[in-house]
Amino acid sequence: MADKKEQTTRRLIIFLIEEMRSGKYKNARTLPAESVLAAELGISRVTLREALIILEYEGWIARKHGIGTIINRNVVDEQRRLDTTQGLMTMIRVNGKTPRRETLSIEKVPADVFLAETLGIRTGDMLIKFVLKFYADEQPSVYCVDYVPCAVLGNVTITEEDYAGDFFDFARKHRLSDALDTYASKLHLSPITPEIADIMGVPKTCVGIRMEEIGYDVYTKPISYTEQFYLDTDMTHVIIRKAF
């Protein structure tokens, strides 16, 4: 699991993003000076600086000598980012649509050769598999499958409560979100498979965005694998890239 220092930094980053987006700094052009902001938050400048470095790397802010910490409004106010770890319900909602999710199954399955190689485990090792279907304004929108090795979670019992949420909810409940540090995602246009077409209730001629994503811990060990298929439901997905 992530250590206490890393968890503190993550919470601070989330807090500062929300403050820039809808809180104290909603209408601000810059953040206060480091010394002032650290005093306001009751934290050390070292802790604050670590969070600001990550925020700058991800494009939320820009730090310029003689000017200070500039809030990048084009990034902060953009809530449709595909390159952030917001849940699919939030992603659909910020696209101006009413979201709904349906948990199709949560079960333990053995890893096949592909999943074993992807997650660095042995073929046959047990995984927890989540299959969910998301709707936007009651139209099928996203088909999602998540896999997590049982060894990562320990002795976990799946309950009815788990069926009411999604993978992000499950990850938070079982502290997997503390362990996840980085995601590597691959996106490409792909025709829908007959199986997914039947599940989603759409024509087998549909083409959408297929995303394959591996979640790594701080030691770069893979601990989750996700496959998502985004149908064409008139939603916009945004990726922010910072120039170097």
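**Reading sheets and a helix**

An open sheet of six strands runs in the order β4-β5-β6-β9-β8-β7, with antiparallel pairing. This is a predicted model: local features need pLDDT of at least 70, side-chain atom pairs count only at pLDDT 80 or more, and totals for chains, interfaces and linings use all residues. Residues are numbered from 1 along each chain as its sequence is written, and side-chain values use heavy atoms, without hydrogens and water.

User: Which strands stand at the edges of the six-strand sheet?

Analyst: Strands of a sheet pair through backbone hydrogen bonds, either parallel or antiparallel. Strands here are DSSP runs (E, at least two residues), and helices likewise (H or I, at least four), numbered from the N terminus. Two strands pair if DSSP finds at least two bridges between them. β4 (99–110) and β7 (182–191) are the edges; each has a single partner strand, so one side of each lacks a neighbour in the sheet.

User: How many bridges join β4 and β5?

Analyst: Eleven, in the antiparallel sense. One detail: R101 has F134 in β5 as its bridge partner.

User: What is the strand order in the three-strand sheet?

Analyst: β1-β3-β2, open and antiparallel. β1 and β2 are the edge strands, each pairing on one side only. β2 pairs with β3 (residues 68–71) over four bridges. There, A62 is the bridge partner of I70 in β3.

User: Which residues of helix α2 are buried?

Analyst: Buried means under 20% relative accessible area (1.4 Å probe, protein chains only). In α2 (residues 34–41) these are E34, L37 and A38. They lie on the same side of α2, because they cover an arc of only 100 degrees around the axis, taken from the directions from the helix axis to the C-beta atoms. Just after α2, G42 takes a positive phi of about 70 degrees.

Notes:
Buried means under 20% relative accessible area, exposed over 50%, partly exposed in between (1.4 Å probe, protein chains only).
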